[in-house]
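Please keep the sequence and the 3D view open while reading.

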Amino acid sequence: MKRQVLLFVSLLSLGPVFGQVSYSIPEEMSRGSLVGNIAQDLGLEIKRLISGKAKIYSRNSDQFIELNRERGVLLIKERIDREALCTETVLCALHFQILLENPMEFYTVTVQITDINDNAPTFEKSEMTFKISESATAGSKFVLERAVDLDVGINAVQNYDLKSTNNFALRLHSNPDGHKNVEMVLQKPLDREKQEQISLVLTAVDGGEPQMSGTMQILITVLDANDNAPVFTQQTYKATVTENSPKGTVVATVTASDADQGSNSKITYSITNTLGNVKKMFEVNTENGQVSLVETIDFEKTKRFQINIGASDEGGLTDSCKLIVDVLDVNDNKPEINIMSKSTVISEDANLNTVVTMINVEDLDSGDSGIVKCFINENAPFIIKSSTNNFYTLVTDSDLDRERASEYNITVTCSDEGVPSLSSSVTLTLQISDVNDNAPVFERSSYEAYIVENNTPGLSIFTVKASDADWNQNARVSYILEDSSVNGVPVSSYVSVSADSGVIHAVRSFDYEQVKDFYFRVKAQDGGSPPLSSNVTVKIMIQDQNDNPPQVLYPVQTGGSLVAEMVPRSADVGYLVTKVVAVDVDSGQNAWLSYKLQKATDRALFEVGLQNGEIRTIRQVTDKDAVKQRLTVIVEDNGQPSRSATVIVNVAVADSFPEVLSEFTELTHDKEYNDNLTFYLVLALAVVSFLFITCLVVIISVKIYRWRQSRILYHSNLPVIPYYPPRYSDTLGTGTLPHVYNYEVCRTTDSRKSDCKFGRTGSQNVLIMDPSSTGTMQRIQSEKSILDEPDSPLEQKPPNNDWRFTQGQRPGPSGPHMPYGTHIRWTPKNGTRATGGPEVAMGTGPWPQPPTEAEQLQALMAAANEVSEATATLGPGTMGLSTRYSPQFTLQHVPDYRQNVYIPGSTATLTSNPQQQQATAQQATQQALPPPQASAQPEPPKAAQTPASKKKSTKKEKK
């Protein structure tokens, strides 16, 4: 494929850049084929095509050519058929523009479509019939239908060929339009008697590669003699017709004559055109040769018609002529306005002559009817300029201001110069985008606001308001408190400004006596880029509030000394005693003071000036008046509500100073009450209440704890396993039992707990009453404190000689004492309850090995005999096992060891002599048992103690 490129570029002084480039391509190229590198040919960069949103503008060419912005090339969009695209013209081209934005530019592109030999010559009819008289002379012409080839140039019909004849020859005539008329010329006379029917073949051949052809058959019937052929009066006729003429309008009349007579002189007219749409637009009267319109003619489609008309007689002789019809234009088309490219939004800071819209105007009429002028409505900052033929640009003519006009409706009107003139218009809507060119403006040049002192921090004082004529973000105003100071303190510690609303809030509570007014500046800043701002001065004036009581300057109130004013007894009425001087730091009426006499020893003697505070006498001083006069003056201000202060003025009515001194030395000051007395009383009450509640909680907690322990022991189903560790050793080696045992129960409290609690040793809570040992109780009490200490050693030490037992004191039936531990409680006559004594270690040496079963059985049997005898000697009221083992502890829980239980604190002596045992039992009964009415009820069993609770119990027993 051969591609030609012609490039023409011209720069205009006004308007957008204009350039022209031309390409030449053959028809029938496949889709996507390359037309040309438009970016390279126009000298544009690829990024410019992308950023400028390059596009093709055309009224009808965009369906064939497309622009690839990424590659900068023009491509075939659809297959192009030159014969379909350009029907009437030889030269075929596509015209379109390449448009770019930001800034607006356009380039004209012309693509020439060259012809290829893709169409064969064709005849409208497949055969033609002629009737020729045998008398026709040589040289007679017969017009043949010419072939139609849609191709042009060398690819069109180039030659004709007539075959299978010896009587006819073919003659070609070239027309100014490039077509050829085909005539068949008789070379020698026909003889009907020899050949009545002649068949010929006409072939049309084009000059393309490969060569193509088309054929038509010619049938000739030989008739009897017809000497003269029809002859037109003119070979060429000319006529004009106005476009849009109605159907049936006669355009012209052609005339032919025939010298023959009779039927051979009858002429028939016909249109022999085979090209174009002649037969669709015109018709000829076969009898009179009038040519008239069949359809409405449009000048814009066809400006001239060539009509080939033939005349034939009955003898088959013919002649031909041509009729040239020129179409006259009328102004029947309005100018057509096409928006090539437009901006719907333009910035208000756009420069002068900025292109807003590009317009293409076409008027299909010709002459003055095709001359178009465009203009826009007035009062718009735009003008329309003609950049090139039929192209206009709408550009800015003055500065734009969005605040004055945010939108323009621009009406572009184009009219031609025809008669009558036709016009068309289009309205463009153009938005003016905002530029941050307006600073915020406050409603006032300065602000003043008032606020009463002692305000609540955060109180809204007032609001500053600023407006911005810009739009959207550029009009969003933020308020900022500018940095400054008030009396050396940053103003931000006094007030704050809401950034969005401009509300000014008080940061602190103001005091009029410290600051009466202050100034600061508030800046209003918009949200544009860069932001614009303006500021305003704000003055805050603090209004006084009656928040300060009057302050008495004189007389000075002192706490340690007494000051008195002296009034001689000779003072007259109106005597100036003193003057109360007071001030109020408030202002205005809040500082207006008035003085009144609140209390006085003698109200009939003194008065106080309401305005000046002067204390004067209102009567003559007499001897009956007391020397000591006490006046209470109240000073009030004029505020709402009013505040006051009191001052005590001591006046001495006396003539001499010694008299005054003697009186006032006996003056006792009023009792000064301690301001903190109430506080101390409340504090003491709170401490006592706290201690009481604490003690109450502790007592309740202990009670609950003991109750829970007893419930745990009560519901326990574990058996009580006795264990008898050897606690004491027999030092003399005599007695019934080889060893002395402590029959204390060792038990576990609950299988759910992993500790095993042992009962206290046998000597604990044993009260030894030995007449011969008077110091036993004291020794026991002293040793108990040692045994209770957690760090006291548990190892057994060698026995002290003081604790050696005599023969009569050894354990057994003959001993007077029973050192076996039993938790027995007894109640003396005075009603107090005594507990057992401390644990006493009796025995020497290391702990022996636990006794065997045989030894235990032997000890139990011996003890049972001794107890059975001793029990008989005890009188009524003696406390037995029921005091230790309540009904809950029956024999199913504990084995019966009652024979081994002895009553400590009794003087009964278990011996082998029954009389001695009985006497001893009676004596023990009288000493140990209280009267019947004072006897205590048996107590329920207590829960077993843990090592921790044992210490607590021991300490409690101490108390």
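## Cysteines and disulfides

Cysteine 321 is buried, with a relative accessibility of 4%. Buried means under 20% relative accessible area, exposed means over 50%, and partly exposed lies in between (1.4 Å probe, protein chains only). Cysteine 695 is partly exposed, at 46% relative accessibility.

This is a predicted model: local features need pLDDT of at least 70, side-chain atom pairs count only at pLDDT 80 or more, and totals for chains, interfaces and linings use all residues. Residues are numbered from 1 along each chain as its sequence is written, and side-chain values use heavy atoms, with hydrogens and water left out.

How many disulfides does a search of the whole structure find? The search finds two. A disulfide here is a pair of cysteine sulfur atoms within 2.5 Å. Counting bonded cysteines along the chain, the pattern is 1-2, 3-4.

| Disulfide | S to S distance | Torsion about the S-S bond |
|---|---|---|
| Cysteine 86 – cysteine 92 | 1.8 Å | about 70° |
| Cysteine 374 – cysteine 414 | 2.0 Å | about 105° |

Take the pair of cysteine 86 and cysteine 92. Its S-S torsion is about 70°, so the disulfide is right-handed. Cysteine 86 is buried at 10% relative accessibility. Cysteine 92 is buried too, with a relative accessible area of 1%.

Now the pair of cysteine 374 and cysteine 414. Here the S-S torsion is about 105°, so this disulfide is right-handed. The pair links distant parts of the chain, 40 residues apart. Cysteine 374 sits in strand β28 (residues 372-376), and cysteine 414 sits in strand β31 (residues 407-416). Both cysteine 374 and cysteine 414 are buried. Strands (E, at least two residues) and helices (H or I, at least four) are DSSP runs, numbered from the N terminus.

## Backbone geometry

Most residues other than glycine have a negative phi, and most peptide bonds are trans. Some exceptions follow.

Which peptide bond is cis, with omega near -5°? That bond runs from glutamine 640 to proline 641. Proline 641 lies in the loop between β51 (628-637) and β52 (644-653). Another cis peptide bond joins tyrosine 554 and proline 555, with omega about 0°. Proline 555 belongs to the loop between β44 (551-554) and β45 (564-567).

Lysine 53 has a positive phi, near 50°. Its place is the loop between α2 (46-51) and β4 (55-57). Asparagine 353 also has a positive phi, near 65°. Asparagine 353 is in the loop between β26 (345-347) and β27 (355-362). At a relative accessible area of 42%, asparagine 353 is partly exposed.

## A three-stranded sheet

Three strands make an open, antiparallel sheet in the order β46-β50-β49. Why is one side of β46 (576-579) and of β49 (606-608) left without a neighbour in the sheet? Each stands at an edge and has a single partner strand, so one of its sides has no neighbour there. On average, neighbouring strands of this sheet are turned by 20° against each other, direction ignored. Such angles come from axes, which are lines fitted to C-alpha atoms (for helices over the stretch in contact), and run from 0 to 180 degrees between N-to-C directions.

Two strands pair if DSSP finds at least two bridges between them. Three bridges join β49 to β50 (residues 614-617), and the two run antiparallel. Glutamate 607 stands opposite arginine 616 in β50.
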